[in-house]
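Take a look at the sequence and the 3D structure below.

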Amino acid sequence: MSAQMDKRRPYVRSMAGWWTRDPYFIRYMAMEATSVLVAVYAVILLVGLARLSQGEAAYNGWLDALKSPLSVGFHVLILLVFAYHTWSWFKIMPKTLPTITLGGTPLPQPAITWTGVVVAVVLNLLVLAILMGVKP
Amino acid sequence: MAESTRTIEIEVLRYRPEQDTEPFYQTYSVPFTDDMSVLQGLQTIKDDLDGTLSFRWSCRMAICGSCGMMIDGKPKLACRTFLRHYHPKKLRIGPLEHFPIERDLVVVVEDFIKKLEGIKPYIIPKEPRTLEEGEYLQTPAQLEKFRQFSTCINCMLCYSACPQYGLDSKFTGPGILALMHRYNADSRDGGQAERMELGHSEEGVWGCTAVAYCSEVCPKGVDPANAINQNKMGSAIDYFLRFVAPRGAGK
Amino acid sequence: MKRANDPIFWSLFGAGGMLSALVGAALVFVTGIGVPLGFLVSQDLMQYQHMLGFAHHWLGKVIVFAIIALFLWHAALRIFHMLHDFGVHAGTGAKLVCFGLPLLCTIAAGYWLLALGF
């Protein structure tokens, strides 16, 4: 028996580039990567806050920078990434919840996803509507 | 039509530790009929073409969990996957990812077995119980809380799907954490505190980053991603309340 | 078995993820596209006096703080996991960057909001 044991030489394979091996992993990495632009947007707002505390001239500098085509184009990208974040967030959310039963029957996971997405769309549109109604 | 014999090229990863320094692919031309599974293809190779090929199998009907392997890059049970699905393309077969290769398609499963024992996969009674007290009574609703997670056949496809296990095998992994939840969620069981010592740690539920590919590949619909991630909320609440009101459970 | 401290960061990650999923897109549109172009919203929506008034109000402070802080803490845990997924060792250096920077920004945001007064 020990002669056989000596012949064992288990081969360990590399994990390099593991996430390229399947479209599922690529989608997972894309979902995770959305957080980078979420952080970038928060920093943009943070800079705006800093400028606001520095007075009107400084703040207007920040506001003018937002008007540049580069900034507007970049925010279109950020917007698309936030949309993908919203979708992927509610796609994974059912996994974090125990099975919900409604009157005896279990609620299917896609139902939770779609409810979340609908609520998110409604809330986003509500925020937009409120801000559209503000005339300073 | 079902009986017409065609040939499929199967590329199998070979590794004989006593003679190979590295694994390599070997191609076989395998005659097959439409009703043949990948497992039967491998058996054809072993019986007729190359008796040195090693692989695990047993029941041929997707209940023993022995024949898990990477089929065309995806973790699948060979007995439940069919050659006709891949023909006329070349079919690539390899050992389950994220496990060390023992020989050919056989992987080292000692880590899995050790971890399985580590989560105490049995009912730990809440109180000592005598035979005279009779059997446990359980409603259908109580059964539903854990039934799905009890259908695991220990095939380890989910471990091949889990990149966190692949990156760090200290992580307990999807199947075994799902089994841990199966016992924690069973109304007959009182062992949650013991099991959650592991559950509350980085090796437990917190090692999971919700990739959820495990649930995609599970042949029994166990949904280990759900078993693990529904415990994060309970673990977090327990974390914050433990000095105030210890709950000691991942339920 | 050592108890993981993940719950702290995971809770913040969850709160930030939910907030950004529910209202993030609208905010990005308004601040980054709508106001700069005067499209659908007034271009004066974010003019200095208006924003100052908003930041002076306690509710305005809470909203601005919540958005900046929670968005950053959401990204913190995700980026930390991503580094690990890309093979970067999840050691002290990674932790300092992933959680230290959001902490600094959170403190800065709080400071500036309070410094603006009421």
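## One residue in a loop

Where in chain B is Phe149(B) found? This residue sits in a loop of chain B, between helix H3 (140-144) and helix H4 (157-161). Keep in mind that the model is predicted.

Is Phe149(B) buried or exposed? Phe149(B) has 24 other C-beta atoms within 10 Å. The cut-off for buried is 20 or more. Phe149(B) is therefore buried.

## Who touches Phe149(B)?

Set aside the neighbours within four places in sequence. Phe149(B) is then in contact with Ala178(B), Leu179(B), His181(B), Arg182(B), Val222(B) and Ala227(B).

Now pick another residue of the chain, Leu53(B). Leu53(B) and Phe149(B) are 96 residues apart along the chain. Their C-alpha atoms are separated by 34 Å.

## Chain B as a whole

Chain B has 251 residues, and 44% of them count as buried. Its secondary structure consists of 9 helices and 7 strands. Along the principal axes, the C-alpha atoms fill a box of roughly 65 × 40 × 30 Å.

How much of the contact pattern links residues 24 or more positions apart? Take the contacts in chain B with a separation of 6 or more. Residues 24 or more positions apart account for 65% of these.

## Where chain B meets chain C

How many residues does each chain bring to this contact? Chain B brings 15 residues, and chain C brings 11 residues. On the chain C side, helix H1 (6-37) and helix H3 (58-85) each supply at least two residues. The largest share comes from H1(C), with 4 residues.

What classes of residue make up the chain C side? It divides into 4 nonpolar, 3 polar and 4 charged residues.

## Where chain A meets chain C

Here 43 residues of chain A are in contact with 46 residues of chain C. Four stretches of chain A each supply at least two residues to its side: helix H2 (23-53), helix H3 (56-67), helix H4 (69-92) and helix H5 (109-132). H2(A) gives the largest share of that side, 14 residues.

The classes on the chain A side are 31 nonpolar, 8 polar and 4 charged residues.

Methods: Residues numbered from 1 in each chain as written. Chains lettered and ligands numbered in written order. Predicted model: local features only at pLDDT ≥ 70, side-chain atom pairs only at ≥ 80, totals over all residues. Buried ≥ 20, exposed ≤ 12 C-beta atoms within 10 Å, placed from the backbone. Contact = placed C-beta atoms within 7 Å. Nonpolar A, V, L, I, M, F, W, Y, C, P; charged D, E, K, R; others polar.
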